[in-house]
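Dear colleague,

Please find below the structure that I am handing over to you. My notes on it follow directly after.

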Amino acid sequence: MLSDNLDSIKQLKNNVFIVTKNNLKGSYDSKGKELIPIKYDKIEDFGDYWHCFWKVYLNGLQGLYSYEGKQVLPAEYEKISSIDRGYKKSPSLIVKENGKYGMFNAQGECLIKSEYDDVKFDNGHYCFQKGEKKDYLKRDKQTLLKGITIKGQITNWIEEKGNSKQISYFIFEDNNGRLFLIL
């Protein structure tokens with residue numbers, strides 16, 4: 001028995017159950033183990049096929065739990081979105097907190113403090129903007145390149161093990177006006 005006096009039980013994929021009690025939601029597995037405590041206003045799927053999470057809502061704020069029930073991010077954020085980093089790689093999590101943006105990895109470790117005014121996809125890279133200053137997230141990485149400006153992109157095709165593969169190089173300019181290439 002999960003609990004008495006439940007308002008509803010809804011079975012989802014992988015034998016996970018969303019339960020509602022007194023208009024608050026939680027989650028249990030098929031063996032009756034609590035995955036998410038019954039204290040949230042709403043629970044929904046979040047992520048992709050390889051990396052699934054539960055997004056929880058509490059008093060207008062968002063948090064994340066792993067599918068196994070481990071809290072990744074507490075329900076303290078105005079918005080949580082993800083950046084797909086490629087096939088079978090853990091996503092990066094963009095958060096908005098007190099009107100500012102930052103980033104966490106899929107284990108809930110802070111990678112970029114919530115101090116940026118905006119995050120946009122710009123010239124093939126995510127751009128974290130603070131005022132007029134832009135810092136770029138290195139493609140498929142979790143490294144922020146600071147003090148540079150993207151000037152252009154060079155695309156080339158290479159043959160690797162009999163297959164053609166597209167490679168893009170980006171032309172960057174640093175604060176001293178020096179130009180360099182980065183893959």
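Is Tyr 40 buried or exposed? Tyr 40 counts as buried, because its relative accessibility is 1%; buried means under 20% relative accessible area, exposed means over 50%, and partly exposed lies in between (1.4 Å probe, protein chains only). Please note that this is a predicted model, in which local features need pLDDT of at least 70 and side-chain atom pairs count only at pLDDT 80 or more, while totals for chains, interfaces and linings use all residues. Residues are numbered from 1 along each chain as its sequence is written, and side-chain values use heavy atoms, with hydrogens and water left out.

I turn now to the aromatic rings. Rings of Phe, Tyr and Trp (its six-membered ring) pair if their centres lie within 6.5 Å; planes under 30 degrees apart count as stacked, over 60 as edge-to-face and the rest as tilted. By this rule there are 6 aromatic pairs. One of them joins Tyr 40 and Tyr 65: the ring centres are 5.9 Å apart and the planes stand at 75°, so the pair is edge-to-face. Tyr 40 belongs to strand β4 and Tyr 65 to strand β7 (residues 61–66), so the pair ties together parts that are 25 residues apart in sequence. Strands (E, at least two residues) are DSSP runs, numbered from the N terminus. Tyr 65 counts as buried, with a relative accessibility of 5%. The rings of Tyr 77 and Phe 104 also form an edge-to-face pair, because their centres are 5.8 Å apart and their planes are at 70°. Both Tyr 77 and Phe 104 are buried.

Next comes Asp 41, in the loop between β4 (34–40) and β5 (42–47). Asp 41 is partly exposed, at a relative accessible area of 35%. Leaving aside neighbours within four places in sequence, its contacts (heavy atoms within 4.5 Å) include Lys 25, Tyr 57 and Asn 59. The side chain of Asp 41 reaches the backbone nitrogen of Asn 59 at 2.7 Å. Asp 41 and Lys 25 are 16 residues apart in sequence, yet their C-alpha atoms are 6.0 Å apart in space.

Finally, what of the cysteines? The structure holds 0 disulfides, a disulfide being a pair of cysteine sulfur atoms within 2.5 Å. Cys 110 counts as partly exposed, at 45% relative accessibility, whereas Cys 127 counts as buried, at 3%.

A colleague

Conventions. Helices (H or I, at least four residues) and strands (E, at least two) are DSSP runs, numbered from the N terminus. A polar contact is a pair of N or O atoms within 3.5 Å; within protein, one must be able to donate a hydrogen and the other to accept it, and residues adjacent in sequence count only if both atoms are side-chain atoms.
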